[in-house]
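Work through the exercises below with the sequence and the model open, and try each task before reading its solution.

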Amino acid sequence: MKIKEIAALLDADILTQKADTDRDVHTACGSDMMSDVLAYVKNQAVLLTGLNNPQVIRTADMMDMECVVFVRGKVPDEAIVSMGDEKNIALMTTQKTMFHACGILYKNGLMEDLPDA
Amino acid sequence: MREPIRIHHAVSGEEFSTAGEASTDIKKRLKMMGVPAEAIRRAAIALYEAEINLVIHAGGGDIDVEIYPDRIRMLVADSGPGIADIDLAMSEGFSTATEDIRNLGFGAGMGLPNMKKYSDTFHIESTTGVGTRIDMSVNTDD
């Protein structure tokens, strides 16, 4: 699924200007705890979160993620959006809740890549 | 043996919003040096966890990275309060972080276990009232 298709499925507004939204992504995870993302996530390309601070982008960058979806209508400030553009991480915001947004993406084929037990 | 490439960052403990800038810079430089991607990812995550700890627990500290042909060595030192029980601090889920820190998305008690998980060697020394030193490395030749 392309990043821009995620935006369409979630009625989301894409906030970054330069980050490539034509990239194909296959896996996603949802969390407000960046500690958990760093600990349990393996090769996820998309992060859905209700947390809104620069650490979200830094965490996504460390994990080599390509897209962050802010749920529940959270809109990151300009500095955070610039960080996304700089690191080629597409940022978008949707009014949908975490559960609803994850459900839509899961139903449409995005999967979770669980770490080895 | 050839001298390693060294990178130093002083990490401020003042501002949570800048926590991670040092790790971001080091990750970028490792990429430019052509270090294998998986090694960069593991080193960056371990370092980012350490940097977050410096900011939320220790009031800042120093990060020194040494890049050898076969490994990335990361030394993280602070003069913070120290860790009273290292075994307890190394167990997943144990945290002394405040509710405010948890609201920022950290403090789940995964920092130290995560550093150990993502690195190939991990050593920690801590004295209460003196500070903490972590010496960890990620192999780049496999």
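**Exercise 1.** State how many residues join E2(B) to E3(B) in the hairpin, and then describe the pairing on either side of E2(B).

Solution. In this predicted model, the hairpin passes from E2(B) to E3(B) through three residues, where strands (E, at least two residues) and helices (H or I, at least four) are DSSP runs numbered from the N terminus. Next, E2(B) and strand E3 (residues 71–78) of chain B run antiparallel and are joined by six bridges, two strands being paired if DSSP finds at least two bridges between them. Within this pairing, B:Ile63 has B:Val76 in E3(B) as its bridge partner. Finally, strand E1 (residues 5–12) of chain B is also antiparallel to E2(B), with eight bridges between them, and B:Ser12 is partnered by B:Gly60 of E2(B).

**Exercise 2.** Decide whether B:Asn114 is buried or exposed, and list what it touches.

Solution. First, locate B:Asn114 in helix H5 (residues 111–118) of chain B. Its relative accessibility is 1%, so B:Asn114 counts as buried, a term for values under 20%, with exposed over 50% and partly exposed in between (1.4 Å probe, protein chains only). Leaving out residues up to four places away in sequence, B:Asn114 touches A:Ser35, A:Leu38, A:Ala39 and B:Glu49, contact meaning heavy atoms within 4.5 Å.

**Notes on the model.** Residues are numbered from 1 along each chain as its sequence is written, and chains are lettered from A in the order in which they are written.

Technical notes:
Predicted model: local features only at pLDDT ≥ 70, side-chain atom pairs only at ≥ 80, totals over all residues. Heavy atoms only, no water.
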